[in-house]
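Have the sequence and the 3D view open as you read.

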Amino acid sequence: MVRIVIVEDHNIVRQGLNLVLSRKPGFEVIADFNSAEAFLKYLKQTKVKEGEAFVLLLDISLPGKSGFGVLGYMKAQFPSIPIL
């Protein structure tokens with residue numbers, strides 16, 4: 001099972017990705033967020049550990065903290081988590 005987290009500020013895009021991916025066998029959307037801040041809060045609250053398996057679908061152009069900021073943080077803290 002491929003576990004997926006979506007970070008996308010446009011509701012229609014986020015909902016569409018969630019719907020399409022959730023219907024595919026072998027894929028599970030475990031969370032979706034409309035901002036970088038909400039995603040980073042989730043990471044701290046759930047205490048994601050290095051090696052925990054999920055794929056991050058990350059929008060680069062986000063309001064507030066950009067996707068590039070999240071990308072840098074993820075690569076420093078969780079280098080094994082794939083990011084698209």
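What follows goes from the overall fold to the sheet, then to one helix and its aromatic rings.

## Ground rules

This is a predicted model, where local features need pLDDT of at least 70, side-chain atom pairs count only at pLDDT 80 or more, and totals for chains, interfaces and linings use all residues. Residues are numbered from 1 along each chain as its sequence is written, and side-chain values use heavy atoms, leaving out hydrogens and water.

## The overall fold

The chain has three helices and three strands, running β-α-β-α-β-α from the N terminus on. Helices (H or I, at least four residues) and strands (E, at least two) are DSSP runs, numbered from the N terminus.

Buried residues make up 36% of the 84 residues; buried means under 20% relative accessible area, exposed over 50%, and partly exposed in between, with a 1.4 Å probe and protein chains only. Among contacts (heavy atoms within 4.5 Å) between residues at least 6 apart in sequence, 70% join residues at least 24 apart.

The three strands make an open sheet in the order 2-1-3, with parallel pairing. Strands count as paired if DSSP finds at least two bridges between them. Strand 2 and strand 3 are the edge strands, each pairing on one side only.

Strand 1 and strand 3 run parallel and are joined by four bridges. Ile4 has Val55 in strand 3 as its bridge partner. Helix 2 packs on the sheet, touching strand 1, strand 2 and strand 3, and its direction makes about 115° with that of strand 2. Axes here are lines fitted to C-alpha atoms, for helices over the stretch in contact, with angles from 0 to 180 degrees between N-to-C directions.

## Helix 2, inside and out

Which residues of helix 2 are buried? They're Ala36, Phe39, Leu40, Tyr42 and Leu43. These sit on the same side of helix 2, because they cover an arc of only 155° around the axis (the arc of the directions from the helix axis to the C-beta atoms). They pack against strand 1, strand 2, strand 3 and helix 3. Turned away from that buried side are the exposed Lys41, Lys44 and Gln45.

## Aromatic rings

Searching the whole structure turns up four aromatic pairs. The rings of Phe33 and Tyr42 have centres 5.0 Å apart and planes at 45°, so this pair is tilted. For Phe, Tyr and Trp (its six-membered ring), a pair needs centres within 6.5 Å; planes under 30 degrees apart count as stacked, over 60 as edge-to-face and the rest as tilted.
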